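Hi everyone, thanks for coming. Please have a look at the chain on the screen, and I'll walk you through a few parts of it.

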Amino acid sequence: MAKTAVIALGGNALTREGESGTCDEMLANAAAMAAAVNEVIEAGWRVVVVHGNGPQVGNLALQQEATTMVPAQPLALLGAMTQGQLGSLIARAIDLLRGPGTAAALVTHVTVDPADPAFSSPSKPIGPFFGHAEAQRLAASRGWVVQPDSGRGYRRVVASPEPTGVIEINALRALVSAGHLVIAAGGGGIPVAAAGVRGIVEAVIDKDRAAGLIARLLGAQALLLVTAVDRVMLDYGTPMQSELGTITAVEAARYLDDGQFPVGSMGPKIESALRFLAEGGELAVVTSPGLLAATLAGGGQRSGTRIERSPSQAGPGR
């Protein structure tokens with residue numbers, strides 16, 4: 001039986017730094033991502049793709065600020081829009097390589113706990129930058145929380161709670177079992193309340209955490225976290241900087257505890273990888289798109305960072 005890999009792609013893989021997010025740009029980027037994913041499929045794996053949506057939701061938020069002719073929509077529905085948008089682009093790119101009907105994009109709702117501590121301390125920036133006066137006006141009129149960001153102005157910040165469940169998990173499982181590549185939980189999923197009436201929630205779920213949850217629920221063997229660098233670094237930005245090749249979960253946990261992986265950078269990826277491995281996963285990978293298949297296969301020096309559950313299989317950490 002084929003093994004299952006869940007692949008988490010960043011939204012910036014589809015709208016890259018310096019790009020404006022035109023349709024042609026996203027189509028070209030989707031084709032490049034599809035080629036990397038196809039190598040994993042060719043190696044005999046069933047695949048689920050989870051993608052980010054930061055740049056795309058930011059563009060939609062800008063469009064909403066630019067006109068009063070149509071009513072503004074809540075953040076959760078902007079996420080739903082980008083699930084359809086990016087799901088379509090990725091599915092068509094995969095189908096061009098493997099034939100029509102190979103890929104299926106599934107609009108996905110992910111449950112969160114309204115009592116999650118993240119709701120009391122919003123920290124995830126979304127949407128455009130504003131000047132101080134405009135940010136304060138929007139905060140007062142819309143009930144937003146705004147914070148300075150990167151010295152470029154003020155942005156709205158929202159909660160980023162832990163995902164607790166996937167509403168469509170049975171449909172997702174059926175599609176994977178039928179042999180489809182499934183694109184699911186785009187942008188981390190549309191957040192809904194876990195109990196009672198499942199109303200949408202103004203929050204952003206980290207896409208790596210959503211991918212880890214889906215991998216655990218499916219009983220997947222591998223979690224592949226795609227990033228802009230080939231390997232995870234220790235002592236990043238210092239003269240002591242070094243790359244990690246194959247390491248164990250125990251080693252990764254120790255580096256995380258030592259503060260090697262910041263919350264706004266590698267932290268969520270390593271946390272997601274460790275939880276996946278602790279709950280039965282075999283392998284977590286953190287690498288760039290072009291090295292996905294090689295790293296999954298254990299491809300030596302030209303591969304990314306592998307985090308293995310079993311210490312007996314792991315080689316040198318650096």
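**A short tour of the chain**

Let's begin with helix 4. What covers its buried residues? The cover includes helix 2 (54–66), strand 5 (124–130), strand 6 (145–148) and strand 7 (154–158).

So which residues are under that cover? Helix 4 spans residues 132–142, and its buried residues are Ala135, Leu138 and Ala139. If you look down the axis of helix 4, these buried residues fall within an arc of 100°, so they line one face of the helix. Now turn to the face pointing away from that buried side: there you'll find the exposed residues Ala133 and Ala140.

What you see is a predicted model. Averaged over the chain, pLDDT is 90, and 95% of the residues score at least 70. Which elements have the lowest and the highest mean pLDDT? Helix 2 has the lowest, at 82, while strand 9 (residues 181–184) has the highest, at 98. Please be careful with residues 312–317, where pLDDT stays under 50. For that stretch the model has 12 contacts beyond four places in sequence.

Gly127 sits in strand 5, which is part of the cover over the buried residues of helix 4. Is Gly127 buried or exposed? Its relative accessible area is 14%, and buried means under 20%, so Gly127 counts as buried. What does Gly127 touch, if we leave aside its neighbours within four places in sequence? It is in contact with Gly58, Ala61 and Arg155. Take Ala61: in sequence, 66 residues separate it from Gly127, yet from C-alpha to C-alpha the two are 5.3 Å apart.

How do strand 4 and strand 8 run relative to each other, parallel or antiparallel? Strand 4 (residues 109–112) and strand 8 run antiparallel, and 3 bridges join them. To find this pairing on the screen, look for Val110, which stands opposite Val166 in strand 8.

Definitions and conventions: Residues are numbered from 1 along each chain as its sequence is written. This is a predicted model: local features need pLDDT of at least 70, side-chain atom pairs count only at pLDDT 80 or more; totals for chains, interfaces and linings use all residues. Side-chain values use heavy atoms; hydrogens and water are left out. Buried means under 20% relative accessible area, exposed over 50%, partly exposed in between (1.4 Å probe, protein chains only). Helices (H or I, at least four residues) and strands (E, at least two) are DSSP runs, numbered from the N terminus. The arc is that of the directions from the helix axis to the C-beta atoms. Contact means heavy atoms within 4.5 Å. pLDDT is the predictor's confidence in each residue, from 0 to 100. Two strands pair if DSSP finds at least two bridges between them.
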